[in-house]
Amino acid sequence: MDIVTHGLASFAIARGFFPRAGKLAMASAVLAGTIADIDWLSNYFGPWGFLTWRGTYIHSILAAILISAAIPAIPLSAIFRRGLRTNVLVPKDKTISNDTRAKQRSILGTIFVAPFLLQLCAALLHIGMDACQSDGVALFLPLSSKRFAADWLPSIDPWILTILIAGIALPELFHLVSSEIGAKAKKPRGQTGGILSLALVFVYGGVRATLHSNVITLMQSQAFHGETPRRASAFPEPLSPLTWHGVVETESALNEIDVETTSTSNFDPDASLRLFKPEPSPALEAARNTVVARRFLAAAQIPKASMEKTESGYIVVLRDLRYAAAGETQHEIAALIELDLNNKVTSQELVWGRDLRH
């Protein structure tokens with residue numbers, strides 16, 4: 001999900017569920033809810049760096065906890081030092097009264113516990129929303145490198161953006177109108193808008209998830225060009241929740257087809273675009289056993305191999321059809337392996353899909 005959506009969602013959490021948090025706490029919540037996207041900088045370190053870092057370590061649950069604890073630790077340390085000087089946290093005498101203990105609990109709760117919970121909610125919402133996309137996130141690193149990708153939401157969803165902007169902007173408009181007529185607000189400003197916008201986002205996500213499941217079921221129940229589906233994937237269209245881009249694997253091919261959920265009775269699997277798999281060969285097997293190919297295949301959702309014979313040997317390209325189906329070809333990664341006529345690897349590398357020569 002884009003960083004603007006994450007920032008708005010984090011702000012909605014702060015307003016909706018921590019309405020009395022100060023400006024600093026709200027700013028730190030937005031920071032905690034967006035900082036994971038710093039791994040986007042791995043784009044500048046080439047395909048291998050991007051594949052290694054994007055959506056992995058900083059998008060894990062452990063990272064969310066550590067980040068949420070680190071951000072309020074800075075003001076907490078300052079308050080602790082100030083407390084030492086004013087004898088609020090640690091009195092000069094060893095006798096601590098009940099009033100002092102109450103002050104200690106109040107300070108710790110205000111400075112650390114509440115901000116930590118706020119920032120943790122924002123950070124977890126970030127990785128949760130990203131897990132609903134096709135890129136996926138490695139939630140349980142360092143215990144497991146498995147990526148979770150539900151394929152429910154596009155990378156930029158205009159409907160979620162609209163809901164969140166409305167949930168933040170409309171309460172401000174109502175506040176201006178109320179202040180003009182002298183009405184007093186019964187709740188903290190923006191609380192209802194924050195809660196309502198997040199609730200609508202979750203409902204919208206549930207609708208997307210249901211439609212995705214229905215599309216998968218539809219494709220798996222059909223024969224594509226006389227072949228039974230082995231696996232089916234569906235990717236969302238950003239502007240229309242009713243349109244999905246499907247990819248179905250059969251014995252001999254990968255079939256690409258768009259599915260309209262409003263007209264499933266007219267669904268024709270034989271109208272799909274067939275991308276035939278290459279015939280098994282020693283060259284293809286050697287290419288798949290390279291370090292680069294294994295790294296690529298570990299992250300690919302819908303791998304598709306193509307092989308070209310040249311005068312000096314073979315060129316094998318491994319691509320992930322997920323990028324095109326999800327409309328995210330800007331950061332498409334492919335594996336390029338070259339072999340000689342004896343099926344020995346002469347070069348292997350991860351490349352950007354846009355840089356492929358063919």
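This is a predicted model: local features need pLDDT of at least 70, side-chain atom pairs count only at pLDDT 80 or more; totals for chains, interfaces and linings use all residues.

Biologist: In which sense do S1 and S2 pair, and over how many bridges?

Modeller: The sense is antiparallel, and there are six bridges between S1 and S2. As one example, Ser233 has Val247 in S2 as its bridge partner.

Biologist: How should I think about side chains along a strand?

Modeller: In a regular strand, side chains alternate between the two faces of the sheet. As for cover, five of the six residues of S1 are buried, so S1 is largely enclosed by the rest of the structure.

Biologist: Is Thr56 buried or exposed?

Modeller: Buried means under 20% relative accessible area. Thr56 has 7%, so Thr56 is buried. Thr56 sits in the loop between H3 and helix H4 (61-86). Beyond its neighbours within four places in sequence, Thr56 contacts Asp39, Leu51, Ala138, Leu141 and Arg147.

Biologist: Where does Ile38 lie, and how is its accessibility classed?

Modeller: Ile38 is in the loop that runs between helix H2 (23-34) and helix H3 (46-53). Ile38 counts as partly exposed because its relative accessibility is 46%.

Biologist: Which residues form the nonpolar surface patch with Ile38?

Modeller: Trp40, Leu41, Tyr44 and Phe45 form that patch together with Ile38. The accessible area of these residues together is about 590 Å².

Note on methods: Residues are numbered from 1 along each chain as its sequence is written. Side-chain values use heavy atoms; hydrogens and water are left out. Patches are made of residues with over 30% relative accessible area and no salt bridge: like charges are joined within 9 Å, nonpolar side chains (Val, Leu, Ile, Met, Phe, Trp, Tyr) within 5 Å. Accessible areas come from the Shrake-Rupley method with a 1.4 Å probe; for residues, only the protein chains shown count as cover. A salt bridge is a side-chain nitrogen of Lys or Arg within 4 Å of a carboxyl oxygen of Asp or Glu. Helices (H or I, at least four residues) and strands (E, at least two) are DSSP runs, numbered from the N terminus. Buried means under 20% relative accessible area, exposed over 50%, partly exposed in between (1.4 Å probe, protein chains only). Contact means heavy atoms within 4.5 Å. Two strands pair if DSSP finds at least two bridges between them.
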